[in-house]
Amino acid sequence: NVGKGPGSRVQDLRAADPHRRPSGEPPPLPRELGRSGKFFLLLVAYFTLALVGFLLFPSFEAFFERWDHTRQRWITELRTPGLTRVMLVVNGLGSAWTIRLIRWGVILGLVVFRRWRHLLVFLGAIILTEIVAYNASTLIARPRPLGIEILTGWQGYSMPSRPLAGLAVSAVGATYALIVAGRPRSIAKWVIGIVLVSLGIA
């Protein structure tokens, strides 16, 4: 730039690529829906169709009950003392204390790092999930498994499972709020999926 006048420098700046002046604001939230987002939307669609089927078609409900009862019989035939102890430990993941610990840990972490948008979304997701799970369970009023010996405490109706829904929204919310995008978050979501399936089996 030696020998160039003020006019030349202004023209060079105008010809340069446009860039945004750093303002200290956080980057915008991603608007693309990944594979996990599409999978969760598929689960929501499945739950919605099942809910409509239960409410409008009694024959569909009776078929589902027979198929579900047969599957539960298969699972109870696998019971052994050692496996039962393991499943009781896994069942503790859906306890109220476990869910509260996850939620308060995420809330404190977001407050410390001053991530207010994530905090509001996290709280909103929890409130919405609790409302939907409670109203859906009272609307369907599906009984607990008939003729199946329950080896641990059970509160509420059997569908949807409010502890499973609470653990799911808490764990997924913690993943998106506290774990960076990329491979670490993908691994965390796979771990959450395995935990939720294990809890459902337990």
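Helix 7 and helix 8 (residues 183-201) pack at about 170°, their axes 10 Å apart. At that angle, over the 145 degrees that counts as roughly antiparallel, helix 7 is therefore roughly antiparallel to helix 8. The model is predicted. Helix 7 also packs with helix 6, and its axis comes within 9 Å of that of helix 5.

**Helix 7 with helix 8**
- On the helix 7 side, the contact uses L164, L167, A168, A171, V172, T175 and Y176.
- Helix 8 answers with R185, A188, K189, I192, V195, L196 and L199.
- By class, this contact holds 11 nonpolar, 1 polar and 2 charged residues.

**Helix 6 with helix 7**
- Helix 6 (residues 116-140) packs on helix 7 at an angle of about 165°, and the axes lie 10 Å apart.
- That angle makes helix 6 roughly antiparallel to helix 7.
- The crossing of helix 6 past helix 7 is right-handed.
- Helix 6 supplies H118, F122, A125, I126, T129, E130, A133, Y134 and S137.
- Their partners in helix 7 are R162, A165, G166, V169, S170, G173, A174, Y176 and A177.
- The contact residues of helix 6 with helix 7 split into 10 nonpolar, 6 polar and 2 charged.

**Helix 5 with helix 7**
- The axes of helix 5 (residues 96-112) and helix 7 (residues 162-178) come within 9 Å and cross at roughly 25°.
- Because angles under 35 degrees count as roughly parallel, helix 5 is roughly parallel to helix 7.
- Helix 5 passes helix 7 in a left-handed crossing.
- From helix 5 come I99, I102, R103, V106 and L110.
- They meet P163, G166, L167, V169, S170, A171, A174, A177 and L178 in helix 7.
- This contact of helix 5 with helix 7 comprises 11 nonpolar, 2 polar and 1 charged residues.

**Rings**
- A search of the whole structure finds 0 aromatic pairs.
- R100 lies over the face of W97, at 5.2 Å from the ring centre.

How values were computed. Residues numbered from 1 in each chain as written. Predicted model: local features only at pLDDT ≥ 70, side-chain atom pairs only at ≥ 80, totals over all residues. Heavy atoms only, no water. Axes fitted to C-alpha atoms, helices over the stretch in contact; angles between N-to-C directions. Helix = DSSP H or I, 4+ residues; strand = E, 2+ residues; numbered from the N terminus. Parallel < 35°, antiparallel > 145°, perpendicular 65-115°, else oblique. Left-handed = near helix turned anticlockwise from the far one by under 90°. Contact = heavy atoms within 4.5 Å. Nonpolar A, V, L, I, M, F, W, Y, C, P; charged D, E, K, R; others polar. Phe/Tyr/Trp six-rings, centres within 6.5 Å; stacked < 30°, edge-to-face > 60°. Lys NZ or Arg CZ within 6 Å of the ring centre and 35° of its normal.
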